[in-house]
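Hello,

Here is the structure I promised to pass on. Have a look at it first, and then read my notes below.

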Amino acid sequence: MQLIPFAISPLGLFGPTINRFLYGKTIDSDNIHNISATSFPHAHKMAKRASSAEVPSNILERANDIWRRKHPTENFGRSYKSPDPSTYYTQQFGRDVCFANGSAGLEAIALAMDP
């Protein structure tokens, strides 16, 4: 088991570790998350391991392949709008980011309106 440290920007952009895990994108192993090996040795070791071959990568494409092989005529999200796990995940994540940003915006407006 491996804890995978990752970052998501307020606009829903992924950092390098989660991009590797979900989509199989490569990570510059010389500069892992700008974590200092001397100041934070355990965090650096964990980040280095999370980007190694010990941790799976490109899991969404793997999930798509398995789904299509086992369920060739079914849509993953029980809708033609999400035919595979990758599409379903992208839609759900996008919805969650929009909800989080909208909630934060509404809360900020409410705080600004308080006397």
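In helix H4, the buried residues are Pro85, Ser86, Phe93 and Val97; buried means under 20% relative accessible area, exposed over 50% and partly exposed in between, with a 1.4 Å probe and protein chains only. Helices are DSSP runs of H or I with at least four residues, numbered from the N terminus. Helix H3 is part of what covers the buried residues of H4.

Before you go further, please note that this is a predicted model, in which local features need pLDDT of at least 70 and side-chain atom pairs count only at pLDDT 80 or more, while totals for chains, interfaces and linings use all residues. Residues are numbered from 1 along each chain as its sequence is written, and side-chain values use heavy atoms, leaving out hydrogens and water.

Not counting residues up to four places away in sequence, Phe93 touches Ile8, Gly12 and Phe14, where contact means heavy atoms within 4.5 Å.

How do H1 and H3 lie relative to each other? Their axes come within 4 Å and cross at roughly 15°, so they are roughly parallel, the word for angles under 35 degrees. Axes here are lines fitted to C-alpha atoms over the stretch in contact, and angles run from 0 to 180 degrees between N-to-C directions. Phe21, Leu22 and Tyr23 of H1 meet Ile59, Leu60 and Glu61 of H3.

On to H2 (41-50): its buried residues are His44, Ala47 and Ala50. Viewed down the axis, they fall within an arc of 130°, so they line one face of the helix; the arc is that of the directions from the helix axis to the C-beta atoms. His42 and Lys45 are exposed on the other side of H2. Helix H1 (16-23) is among the elements covering the buried residues of H2.

Finally, Glu74 sits in the loop between H3 (59-70) and H4 and is partly exposed, at 45% relative accessibility.

Best wishes

Notes. Helix = DSSP H or I, 4+ residues; strand = E, 2+ residues; numbered from the N terminus. Parallel < 35°, antiparallel > 145°, perpendicular 65-115°, else oblique.
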